[in-house]
Amino acid sequence: MNPSTLLTAGLSALAVAALTGCAGNSSANLPSNAELDAMAVKMEQSSFHDKGIVKVKEALVLDDTLRACDAAAVAGHPLDAATAKKLEAENLKTIQWPADGKYLGDWKSGEKIAQSGRGRTWTDKADAANGGNCYNCHQIDKKEISYGTIGPSLYNYGKLRGVTNPSSPQAQEVVKYTWGKIWNAKAYNACSNMPRAGYKGILTQKQVADIMALLLDPKSPVNQ
């Protein structure tokens, strides 16, 4: 679930708890869900403000994709297939393919980006390079002793997919899918938990290309 929605849900829960106590456990006196949502949004807006490079509108904004997926999560059921397909098509349009046609950069730089969780905090300078935070959800290298498991292991990513030459015609389907997945994962799975790294400006095209090299370059430690 989107962090801003988790925050709103938490605020709503606090509001419910407070109102329940005041109402003596009488549900008849409680506001509606819509009213509670409005209260939570008002609390959120009054509690946060722009600071440094962090802007409230950028950090807490919800788009149609997040609203639909969050509503489905709250309701406890998957997003319906028709809505998911529509949202995926909309997100696919946001993918920016490499301007120079080169999908792979430097895997050594990609490794640093993947293993860095820094960036987009109020203390950072506007020109500071963001990390990809990939390690927080994925295994990347077999030498790692600690890594996240929210996402699948990326170890041997290219090798397992038969990519021995990323420039070959045979590899292009995997190459393009991988770029698109990093740029905007919701183009392939509307309610994916994976951050939309390129679309949301977390990573630049060059950074995405470097992570691509980490995943697909046969010389990368990922494919050893």
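Student: What is the torsion about the S-S bond of Cys69 and Cys191, and is the disulfide left-handed or right-handed?

Tutor: The torsion is about -90°, so the disulfide between Cys69 and Cys191 is left-handed. Keep in mind that this is a predicted model. The S to S distance for Cys69 and Cys191 is 2.1 Å.

Student: How many disulfides does a search of the whole structure find?

Tutor: The search finds one. As a quick reminder, a disulfide is a covalent bond between the sulfur atoms of two cysteines.

Student: Where do Cys69 and Cys191 sit in the chain?

Tutor: Cys69 is in helix H4, which covers residues 64-75, and Cys191 is in the loop between H8 and H9. The two are 122 residues apart, and the pair links distant parts of the chain.

Student: Cys69 first, then: buried or exposed?

Tutor: Cys69 has 9% relative accessibility and counts as buried, because the cut-off for that is under 20%.

Student: And how does Cys191 count?

Tutor: Cys191 counts as partly exposed, at 29% relative accessibility.

Student: How do Cys134 and Cys137 count for accessibility?

Tutor: Cys134 counts as buried at 17% relative accessibility. Cys137 is partly exposed, with a relative accessible area of 24%.

Student: Let me zoom out. How many helices and strands are there in the chain?

Tutor: The chain has nine helices and zero strands. From the N terminus on, its elements run α-α-α-α-α-α-α-α-α.

Student: What percentage of the residues count as buried?

Tutor: Of the chain's 224 residues, 37% count as buried. On contacts, if you take those with a separation of 6 or more, residues 24 or more positions apart account for 61% of them.

Student: On to helix packing. At what angle do H8 and H9 pack?

Tutor: H8 (residues 172-183) and H9 (residues 205-216) pack at an angle of about 130°, and their axes are 10 Å apart. The two helices are therefore oblique to each other. The crossing in which H8 passes H9 is right-handed.

Student: Which residues make the contact between H8 and H9?

Tutor: From H8 you have Val174, Val175, Thr178, Trp179, Ile182 and Trp183. From H9 come Gln205, Val208, Ala209, Ile211, Met212, Leu215 and Leu216. By class, that contact has 11 nonpolar, two polar and no charged residues.

Student: What are the angle and axis distance for H6 and H9?

Tutor: H6 (residues 107-114) and H9 pack at about 100°, with axes 7 Å apart. H6 and H9 are therefore roughly perpendicular to each other.

Student: Which residues meet there, in H6 and in H9?

Tutor: On the H6 side they are Trp107, Ser109, Gly110, Glu111, Ile113 and Ala114, and they meet Gln207, Asp210, Ile211, Ala213 and Leu214 in H9. The contact of H6 with H9 has six nonpolar, three polar and two charged residues.

Student: Changing topic: what is the phi of Asn133?

Tutor: Asn133 has a positive phi of about 60°, although it is not a glycine. Most residues other than glycine have a negative phi. Asn133 is in the loop between H6 and helix H7 (157-160), and it is partly exposed, with a relative accessible area of 29%.

Student: And what is the phi of Asn156?

Tutor: Asn156 has a positive phi of about 65°, and it is not a glycine. Its place is in the loop between H6 and H7. Asn156 is buried, with a relative accessible area of 15%.

Student: Last one: what does Gly132 touch?

Tutor: Gly132 touches Ile113, Ser116 and Leu203, not counting residues up to four places away in sequence. Gly132 lies in the loop between H6 and H7 and counts as partly exposed at 23% relative accessibility. Gly132 and Gly119 are 13 residues apart in sequence, and their C-alpha atoms are 8.7 Å apart in space.

How values were computed: Residues are numbered from 1 along each chain as its sequence is written. This is a predicted model: local features need pLDDT of at least 70, side-chain atom pairs count only at pLDDT 80 or more; totals for chains, interfaces and linings use all residues. Side-chain values use heavy atoms; hydrogens and water are left out. Axes are lines fitted to C-alpha atoms, for helices over the stretch in contact, and angles run from 0 to 180 degrees between N-to-C directions. Helices (H or I, at least four residues) and strands (E, at least two) are DSSP runs, numbered from the N terminus. Angles under 35 degrees count as roughly parallel, over 145 as roughly antiparallel, 65 to 115 as roughly perpendicular and the rest as oblique. A crossing is left-handed if the near helix is turned anticlockwise from the far one by less than a right angle, and right-handed if clockwise. Contact means heavy atoms within 4.5 Å. Ala, Val, Leu, Ile, Met, Phe, Trp, Tyr, Cys and Pro count as nonpolar, Asp, Glu, Lys and Arg as charged, and the others, Gly among them, as polar. A disulfide is a pair of cysteine sulfur atoms within 2.5 Å. Buried means under 20% relative accessible area, exposed over 50%, partly exposed in between (1.4 Å probe, protein chains only).
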